[in-house]
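I opened this notebook to keep a record of what I looked up. The entries below follow the order of my reading.

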Amino acid sequence: LPVPEAKFETVVAKPSEIQKEMVQELSKRAAEIHSGAVDASVDNMLCVTNDGRKIGLDVRLMNPMLPDDPNSKLNVCVQNVLKIWEEGKDQKLTQLLFCDLSTPKNDGTFNVYDDIKAKLIAAGVPEKEIAFIHDADSEAKKKELFAKVRTGQVRVLMGSTQKMGAGTNCQDRLVALHHLDVGWRPSDMTQRNGRIIRQGNQNKEVQIYQYVTEGTFDAYLYQTLENKQKFISQIMTSKSPVRSCDDVDETAL
């Protein structure tokens with residue numbers, strides 16, 4: 001069945017000085033945890049990994065008082081979304097943004113979703129054309145939202161893998177998909193990409209952007225994902241005589 005051809009592009013953002021310092025801090029914490037100097041209830045590798053993901057996305061997730069880096073991957077993504085929004089105006093082409101971290105809480109704390117929305121509105125995107133999957137809290141509302149994306153009334157839809165991965169049918173006008181962060185499992189990324197590489201999409205060619213901040217946990221997470229995929233592929237193909245495999249999680253952390 002005909003599906004659009006996807007062009008993948010990895011967008012690499014340079015880390016700010018603050019990000020570099022924070023990543024250094026993570027290595028110190030990791031070293032202390034490994035040496036057994038810290039109680040696991042105080043700090044552990046999972047906390048370090050989560051903080052590492054936050055730092056790679058936006059330092060304001062660690063401390064909302066920190067400055068907004070104009071070259072952060074968040075801002076690079078906003079620029080891309082704006083450019084594609086402008087170019088696809090006539091055909092009302094749509095875009096999806098995936099981000100599992102920092103979902104909107106509606107309690108006034110800093111989050112990536114509201115930040116991106118505010119920047120898009122400031123740059124001229126009408127507020128009614130931007131939506132969060134989190135606002136559609138029932139099946140009926142979801143259907144209504146997806147229908148709006150299919151017709152191009154909503155042109156930028158943001159969500160997490162969990163809420164917008166499987167069962168999201170809004171591909172008709174989708175021309176670009178943005179991965180602001182990376183899922184924990186290869187299947188997460190397959191689910192995400194499956195929203196746009198889908199029959200029924202009117203576009204012959206689509207763009208998939210993966211945003212990475214250099215020198216942060218981003219590269220490490222993609223590496224982990226690749227390792228996991230290798231394990232899975234070994235088991236799934238009959239070529240290699242592997243009968244069992246260990247999950248890479250424990251060792252990677």
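**Entry 1: the model.** I noted that this is a predicted model, in which local features need pLDDT of at least 70 and side-chain atom pairs count only at pLDDT 80 or more, while totals for chains, interfaces and linings use all residues. Residues are numbered from 1 along each chain as its sequence is written, and side-chain values use heavy atoms, with hydrogens and water left out.

**Entry 2: the sheet.** I took helices (H or I, at least four residues) and strands (E, at least two) as DSSP runs, numbered from the N terminus. Two strands pair if DSSP finds at least two bridges between them. I found six strands in an open sheet with parallel pairing, in the order β1-β6-β5-β2-β4-β3. Strands β1 (5-13) and β3 (130-132) stand at the edges with a single partner strand each, so one side of each has no neighbour in the sheet. I then looked up β2 (residues 94-98) and β4 (residues 156-159), which run parallel and are joined by four bridges. The bridge partner of Q95 in β4 is V156.

**Entry 3: two helices.** Axes are lines fitted to C-alpha atoms, for helices over the stretch in contact, and angles run from 0 to 180 degrees between N-to-C directions. I read that the axes of α1 (residues 17-34) and α2 (residues 45-57) come within 10 Å and cross at roughly 175 degrees. The two helices are therefore roughly antiparallel, a term for angles over 145 degrees. Contact means heavy atoms within 4.5 Å; the residues making it include M22 and L26 of α1 and V48 and I55 of α2.

**Entry 4: an aromatic pair.** Which rings form an edge-to-face pair? Rings of Phe, Tyr and Trp (its six-membered ring) pair if their centres lie within 6.5 Å, and planes over 60 degrees apart count as edge-to-face. The ring centres of Y113 and F132 are 5.4 Å apart and their planes stand at 90 degrees, so this pair is edge-to-face. Y113 lies in helix α4 (residues 112-122) and F132 in strand β3, 19 residues apart. Both Y113 and F132 are buried, that is, under 20% relative accessible area with a 1.4 Å probe, protein chains only; exposed means over 50%, and partly exposed lies in between.

**Entry 5: two loop residues.** K92, in the loop between α3 (73-87) and β2, has a positive phi near 55 degrees. K92 is partly exposed, at 41% relative accessible area. S102, in the loop between β2 and α4, also has a positive phi, near 55 degrees. S102 counts as buried at 16%.

Definitions and conventions. Parallel < 35°, antiparallel > 145°, perpendicular 65-115°, else oblique. Phe/Tyr/Trp six-rings, centres within 6.5 Å; stacked < 30°, edge-to-face > 60°.
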